[in-house]
Amino acid sequence: MAVVLGPAHLASAAPAQELPSADQLKSALLTAADLGPGFTEAPATESPSPGENPSPVSGCDALSALINMHVAQTGPANPRAETELDGPDGNPMVTEALAAEAPDRLAADFNTVADAFRTCHTITFNAGTEDTVTFTVTPVALGDRQDAPAVRLDGTLAGVQLNAFLGIERFGTVAMAFGYFQREGASSQTASMQYRTAVAKVEHTLGTTAGSTTPPTAVATQGMRV
């Protein structure tokens, strides 16, 4: 389950300045090698068309809309890249999405998600069966920036403990959405370590700093190459 950032209508918005390409964003994503032995990259799947599947998440409108979003529209005006990395038997599962937007659009989207993280207290997942699980939502700090929005989700399904950590960060014109999902575990240590790894890779690859409002320098540099 990938957490995404940015409404689909932004696909038609013209960027006010040069944005990283989808290929540049992809190069900044985590890989199985970044996370260590036992992790594999899940095969890419096509996003369903709007209305094709019922919404699997409900309970907090802002956060449900974020998780339910299936953004299939990408292009120069809305570059995007994402990945899912699975541990042994799919536990844990790490997701990461990078999206590039014009600064004003990104700031608005980022603030909307940050507000959802602060105001949601519970959220319910429906896997398409009679089984549903309601998670409590608790604000946490995942990385070095204590004010970077993040939440912890805790719930149980058929007696199995489920736990997740969701975090977002901005890098100028690029937004990152990170997810860490585990069963029969509740420790935040590995989630925090892998979140920090994701942030560091984006900073190094795109030439930027977490929390920055300045566009990544690697974009301009690569754009000047002949």
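This is a predicted model: local features need pLDDT of at least 70, side-chain atom pairs count only at pLDDT 80 or more; totals for chains, interfaces and linings use all residues.
Now walk back into α5 itself by selecting residues 189-206. You'll have 18 residues on screen, reaching 26 Å from the first C-alpha to the last, close to the 26 Å expected at 1.5 Å a residue. Show the side chains and colour the buried ones: Ala191, Ser192, Gln194, Tyr195, Ala198, Val199, Lys201, Val202 and Leu206.

Stay on tyrosine 195 and bring up phenylalanine 178 beside it. The two form an edge-to-face aromatic pair, 5.5 Å centre to centre with 80 degrees between the planes. Phenylalanine 178 sits in strand β9 (residues 174-183) and tyrosine 195 in α5, so the pair ties together parts that are 17 residues apart in sequence.

Keep phenylalanine 178 selected and widen the view to the largest nonpolar core. This core has 28 residues, and Val94, Leu98, Met176 and Phe178 touch the most other members. Colour by element and you'll see that β3, β4, β8, β9 and α5 each supply at least two residues, with the largest share, 6 residues, coming from α5. For a closer look, pick valine 94 and list its contacts, leaving aside neighbours within four places in sequence: Leu30, Leu35, Phe39, Thr83, Glu84, Leu85, Phe178, Gly179, Tyr180 and Gln194. There's a second, separate core to pick out as well: it has 22 residues, including Val151, Leu153, Leu162 and Ala177.

Next, the other aromatic pair; the structure holds 2. Select phenylalanine 125 and phenylalanine 135, whose ring centres are 5.1 Å apart and whose planes meet at 80 degrees, so this pair is edge-to-face. Phenylalanine 125 belongs to strand β5 (residues 122-126) and phenylalanine 135 to strand β6 (residues 132-139), so the contact ties together parts 10 residues apart in sequence. Both of these phenylalanines are buried.

Leu106, Asp109, Phe110, Val113, Ala114, Ala116 and Phe117 are buried here. Turn the view to look down the axis of α4: the buried residues fall within an arc of 155 degrees, so they line one face of the helix. The general rule is handy here: an α-helix has 3.6 residues a turn, so residues three or four places apart point the same way. On the face turned away from the buried side of α4, look for the exposed residues Asp104, Arg118 and Thr119.

Most residues other than glycine have a negative phi, and most peptide bonds are trans. Which residues does a cis peptide bond join? Go to asparagine 91 and proline 92, where omega is about 0 degrees; proline 92 lies in the loop between β3 (80-86) and β4 (93-100).

Then jump to alanine 158, a residue other than glycine with a positive phi, near 55 degrees. Alanine 158 is in the loop between β7 (150-157) and β8 (160-171) and counts as exposed at 79% relative accessibility. Finish at glutamate 184, where phi is also positive, near 55 degrees. You'll find glutamate 184 in the loop between β9 and α5, exposed at 56% relative accessibility.

Conventions. Residues are numbered from 1 along each chain as its sequence is written. Side-chain values use heavy atoms; hydrogens and water are left out. Buried means under 20% relative accessible area, exposed over 50%, partly exposed in between (1.4 Å probe, protein chains only). Helices (H or I, at least four residues) and strands (E, at least two) are DSSP runs, numbered from the N terminus. The arc is that of the directions from the helix axis to the C-beta atoms. The expected span of a helix is 1.5 Å times one less than its number of residues. Rings of Phe, Tyr and Trp (its six-membered ring) pair if their centres lie within 6.5 Å; planes under 30 degrees apart count as stacked, over 60 as edge-to-face and the rest as tilted. A nonpolar core is a set of buried Ala, Val, Leu, Ile, Met, Phe, Trp, Tyr and Cys residues joined through side-chain atoms within 4.5 Å. Contact means heavy atoms within 4.5 Å.
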